[in-house]
Amino acid sequence: MLSKSKAFGGFSVNDIDAAMQFYKDKLGLHVEKDEMGLLELHIEAGNALIIYQKKDHQPASFTVLNFPVDDINKAVDELTAKGISFEQYKNLGTDEKGIAHNDGPLIAWFKDPAGNILSVIEVGE
């Protein structure tokens, strides 16, 4: 029954307008506010994600959204130039730019204005 469902994800924020500005202006994503006041984050790979305001919002303690990129250094540099700060997780081997060098792909984490954790992850060409 659900195997053909066009599922979508969502997460909360504490300020929907700050989220709209961040995802649209800082990250350059296609974002629309729907008739219920929810944000629809349209991504290349499929269905929209929804972002909704929640009065007692608590940021997730895990990554809620990953952005695959071909060149992580370029992505981190471009986002840093837009004022985005990358997290430092010494236990994950992050370098001075915030890029983790582990056994898996290169990855760097940053937060949205509500404190939700996002990442850019290098997938290569």
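In which sense do strand 3 and strand 4 pair, and over how many bridges? The two strands pair in the antiparallel sense over 3 bridges; strands count as paired if DSSP finds at least two bridges between them. This is a predicted model, in which local features need pLDDT of at least 70, side-chain atom pairs count only at pLDDT 80 or more, and totals for chains, interfaces and linings use all residues. Residues are numbered from 1 along each chain as its sequence is written, and side-chain values use heavy atoms, with hydrogens and water left out.

E40 stands opposite I50 in strand 4. L39 and L41 form the covered face of strand 3, E40 and H42 the uncovered one. In a regular strand the side chains alternate between the two faces of the sheet.

V31 has L41 as its bridge partner. Between these strands lie 5 residues of a hairpin, where G37 takes a positive phi near 85°.

Now show the open sheet: 4 strands in the order 1-4-3-2, with mixed pairing. Strand 1 and strand 2 are the edges, each pairing on one side only.

Finally, select Y23, L27, L41, I51, F86, F110 and V120, which touch the most other members of the largest nonpolar core, of 28 residues. Such a core joins buried Ala, Val, Leu, Ile, Met, Phe, Trp, Tyr and Cys residues through side-chain atoms within 4.5 Å; buried means under 20% relative accessible area, exposed over 50%, partly exposed in between (1.4 Å probe, protein chains only).
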